[in-house]
Amino acid sequence: MNMHPEFLLNQIQSPKDLKKLSIDELTQLASEIRTLILEKDAKIGGHLSPDLGIVELTIAYHYVFDAPEDKIIWDISHQTYPHKMLTGRAFAWLDPDKYEDVTPYTNPEESPYDYFALGHTSASIALATGMAKARDLRGGNENIMALIGDGSMTGGVAFEGLNNAAIEKHNLVVVLNDNQWSIDENVGGMVKLLADLRASNGQAQNNPFKAMGFDYRYEAKGNDIASMIKAFEAVKDVDHPILLHVNTLKGKGYEPALQSPGTHHWVAPFNLEDDSPKFEAPAGPTANSVALDVIKDAIDQGQKVLAINAAIPGAFGLSDIKQNYPDNYVDVGIAEQESISFAAGAVKNGVTPVVFQNSTFLQRAFDQLSHDVAANELPIVMFVSASINGGSKTHLGNFDQVMISNLPNWIYLAPTTLAEEKAMLTWALNQKDNPVAIKKPARQIPVDGPVLDDYAKPAYQVKLGKDIAILALGSMYHQVGVPAAKELGATVVNPVSANILDTKTLDELAASHRIIITLEDNAVDGGFGQKVASYLGDRDDILVKNYGALREYTDQVSGKELLDRYHLTPKNIVNDAKVLLEK
């Protein structure tokens, strides 16, 4: 059902249709695109303020250039809703019944106008530089452009890309979309650099882009279609590397987003009338609030604790520490590698760092987890938001255990209750022997439950049954393990750790049960269950069955569907267990 049959956007089937329109019609089109972004995000959630701010730039790009022959690589690609609408996918905004039919990031399987599946930051310049070099080698002449910004210039790989882009022999344009924000407030020396360039209309004497060899251009009116068309026409087909610095307004067209661009970077469903959320958060303590209370208590008691995150304070509710404990808070920008090395430096010099990381972004810092932290045996603490989820294939959260728990020295703990989370974090802050990661419970868990005094060699928590033992890690314990065990009359076990096995208890379970089932909110390959199966592999009197996510990239598949696919539901486990017993 087309909600706006009168919209000019209905006539745009490809960017070629834009070239027939007047500036007034393009301006009308920009207003329509903003209306549709707001309507869809209000209904199902999504990125809001970044997309509202890049509408005119996107229209101007497709008006001037000839995609898909000319190529633009959108950094992170969370700013591509307008791009998708102009490249044959407007139906996913015009028709509420098709809201889920288009993915939220660029996707080459979806459209020839998209070149990479991108959901992580700072890679666009390196990707574009590789494409430009390939064009040169095969004798092509298409325009290659990288669109970076919205904080992504704080990522290290962006500077690596700039270093190589500056020596490209032919056409390569880097567009720096400077909206003065990251996901949260932008941070670091880049803030002053860009502010000086904006204030001087691009004429500031200190200009590292020029110093590197770029032909630097500045456009102050990034939300004016005529100005952006002129700016893009001036760089089209130019035979050398250019950096086009564009000033835009994040959240343009929606006053609440202008007043608070950070909280509107990504939104859950909300009411357009008053910007209020459609679904209230549950009352009572949460995994975030428990973690923050432990940290604040430690600081209040005089412990030198540093909360560190890579541009995502909202994901962990860190505003309280940011505002009330500013000396104990660091946002390193969208730079996960930096966050881990920064923490390594801090702990080496007498401070206890707690790094807050999302599983999907943490993979960018694997070398630092290994080389800087584990190899140096540094006791940093890390709180990891992770789970099997139904988001974009660029934002899956089920590879963290594979990365962390298979490195030497790391201890990876998985709480089953908020009380256990508190005990684990308190212990981690006070121990000095190992780097410790704690898996943030991603699903509903109880507040109270038993805890241990020492998590260096955690002992399994066992509720005895018969025949079958279900080892359910972290949030799988109460969600799946306990109800399945109750129906089966089986033993249920809280393994406490994703990688430190309680071999004594495993031996006892193997001796007294016929089947051991492992459940984890993570990929099976390289995960907890395979460690159990490996340990018990030389015994012929016990069957071990592992459950978790398959080794695959899923894309916009609901979390409920995935849990059912992987048999991570009480009903599936009960049915499977009965079949195994019969065999």
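**A helix pair and its surroundings**

Mentor: Helix H3 (residues 55-64) packs against helix H10 (residues 225-235) at an angle of about 45 degrees, and their axes are 8 Å apart. The model is a predicted one, in which local features need pLDDT of at least 70 and side-chain atom pairs count only at pLDDT 80 or more, while totals for chains, interfaces and linings use all residues. Residues are numbered from 1 along each chain as its sequence is written, and side-chain values use heavy atoms, with hydrogens and water left out.

Some terms come first. Helices are DSSP runs of H or I with at least four residues, strands are runs of E with at least two, and both are numbered from the N terminus. An axis is a line fitted to C-alpha atoms, for helices over the stretch in contact, and angles run from 0 to 180 degrees between N-to-C directions.

The angle makes H3 oblique to H10; angles under 35 degrees count as roughly parallel, over 145 as roughly antiparallel, 65 to 115 as roughly perpendicular and the rest as oblique. H3 passes H10 in a right-handed crossing, where right-handed means that the near helix is turned clockwise from the far one by less than a right angle, and left-handed means anticlockwise.

On the H3 side, the contact is made by Glu56, Leu57, Ile59, Ala60, Tyr61, Tyr63 and Val64, and on the H10 side by Ile225, Met228, Ile229, Phe232 and Glu233. Contact means heavy atoms within 4.5 Å. By class, this contact of H3 with H10 has 10 nonpolar, no polar and 2 charged residues. Here Ala, Val, Leu, Ile, Met, Phe, Trp, Tyr, Cys and Pro count as nonpolar, Asp, Glu, Lys and Arg as charged, and the others, Gly among them, as polar.

Leaving aside neighbours within four places in sequence, Leu9 is in contact with Leu29, Glu32, Leu36, Met85, Leu86 and Ala90.

Leu36 is also touched by Leu94, as are Met1, Asn2, Met3, His4, Phe7 and Asn10, not counting residues up to four places away in sequence. Leu94 lies in helix H5 (residues 91-94) and is buried, with a relative accessible area of 6%. Buried means under 20% relative accessible area, exposed over 50%, and partly exposed in between (1.4 Å probe, protein chains only). The C-alpha atoms of Leu94 and Pro5, 89 residues apart along the chain, are separated by 8.3 Å.

Another helix pair is H12 (residues 287-300) and H18 (residues 418-430), packed at about 35 degrees with axes 10 Å apart. The crossing of H12 and H18 is right-handed. In H12, Ala287, Val290, Ala291, Val294 and Ala298 meet Leu418, Glu421, Lys422, Leu425, Thr426 and Leu429 in H18. These residues divide into 8 nonpolar, 1 polar and 2 charged.
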